[in-house]
Structure formats: C-alpha cells, structure tokens
Amino acid sequence: MKILVSDNVSLNLFCENPIPILEKSNKGVIAVLKNNSPIFYAISPCLLKKIFDIECHLSKKNIGKPDILKKFSMHPKWIPDKDFIRQAALWGIILNEEVSESELACFISYWQVEGCFFHHIQWQQKLARSLQKSRCMNYISQKKRDITYIPTPDQTIPNGFRGK
C-alpha cells in the first residue's frame, strides 16, 4: 500500500496513527511517498518478527562454518579446505604430501600473532607458499655434503688452450 503524501497534514496523520494504516496493507509493508519519491518505509511488527526469525534461523545454520567471503585474522581453529593440495597445484605450487599437524600449527601460531586480515583463499595461498618454502629448505638441509671428500683437479686441457 502506497500512501501519497501531498502535504504535511497527510504525513502527520500517518505519524499520529500508523497501526491502522499498516493493518490495511496486505503484506505489512508500506512506502510513504512525497512527489513520487519514498520518504520512508514502514513495516508491521508481525512482519518484522518474521524477518528476524528467518535471520536467526539462517545464522544458526551457519554456526561453525567460516564465512569465506569476509576477511578474518588467523585463529587456532582454522583449517585449509579438503582439496587444498589440488588448489595449491592450480596456483602453481606442487605439494606432494598433505599438511601435517605440526606444519599447520606452526603456520597458525605465526600468523595469529601478526594480526593480519585475509580471505580464506588468501590464507590457503599463504600456507601453500609457506609449505613449499619450508619443505624445500628441509630437502636441501637433508642433502648434506661429505666434508671428507677432497676433489681432484681435472687434468684435461680444453680445446683452444695451450698445454705444456
């Protein structure tokens, strides 16, 4: 139901007694207009309760599920997606093993203190790069040199050089 307000008297009339006007509306919502432009909207208490009930019901469904559309700071319960290894491959980071609990705990504890805010996908990308770097460093440190090896000089003379 639209109430066209041509002067302040009609608007004042609505403001003095809005309940009967709201009850006459078929859905519990009215738009108060002046010069074909909305001045404000009014919603019946019954409809407002229905809206809040729906919102409450939807928010209860989402408890425990992270909102991946919003940025958040790192927290101890964060976990990457189940297809994290496949996603990392799409980002050009090849990981041969799943994330271990210690690797994840190390990542979370570092970023939790930093207090940065990122989207869920960005956190996963950071984790993938972190794993790639740390695993590469671990691989290099595992390949130890033999400190007792003494190289022998090459005795051949390359073409174009004079020999003795």
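How many helices and strands does the secondary structure of the chain come to? In this predicted model, the count is six helices and five strands. Walk along the sequence and they turn up in the pattern β-α-α-β-β-α-β-α-α-β-α. Of contacts between residues at least 6 apart in sequence, 62% link residues at least 24 apart.

As for what sits inside, buried residues account for 22% of the chain's 164 residues. The largest nonpolar core holds 16 residues, and Met74, Trp78, Phe84, Leu95, Phe107, Trp123 and Leu127 are the ones with the most contacts within it. Elements giving two or more residues to this core are α4 (84-90), α5 (101-114) and α6 (120-142). Take Leu127: leaving aside residues up to four places away in sequence, Leu127 touches Trp78, Pro80, Phe84, Val99, Leu104 and Phe107. Another core, of six residues, lies apart from that one, with Ile21, Ile30, Val32 and Ala42 among its members. In soluble globular proteins, nonpolar side chains do tend to be buried together.

The chain exposes about 13,500 Å², and 59% of that comes from carbon and sulfur atoms. On the surface, Val29, Ile43, Leu48, Ile51 and Phe52 form a nonpolar patch, together showing about 390 Å² of accessible area. Helix α3 (residues 45-61) supplies the largest share of the patch, three residues. Val29, for its part, belongs to strand β2 (residues 29-34). Val29 counts as partly exposed because its relative accessibility is 33%, which falls between the 20% limit for buried and the 50% limit for exposed.

How values were computed:
Residues numbered from 1 in each chain as written. Predicted model: local features only at pLDDT ≥ 70, side-chain atom pairs only at ≥ 80, totals over all residues. Heavy atoms only, no water. Patch = residues over 30% accessible without salt bridge, like charges linked within 9 Å, V, L, I, M, F, W, Y side chains within 5 Å. Areas by Shrake-Rupley, 256 points an atom, 1.4 Å probe, with all protein chains shown as cover. Salt bridge = Lys/Arg side-chain N within 4 Å of Asp/Glu carboxyl O. Helix = DSSP H or I, 4+ residues; strand = E, 2+ residues; numbered from the N terminus. Buried < 20%, exposed > 50% of the residue type's maximum accessible area, 1.4 Å probe, protein only. Contact = heavy atoms within 4.5 Å. Core = buried A, V, L, I, M, F, W, Y, C linked by side-chain atoms within 4.5 Å.
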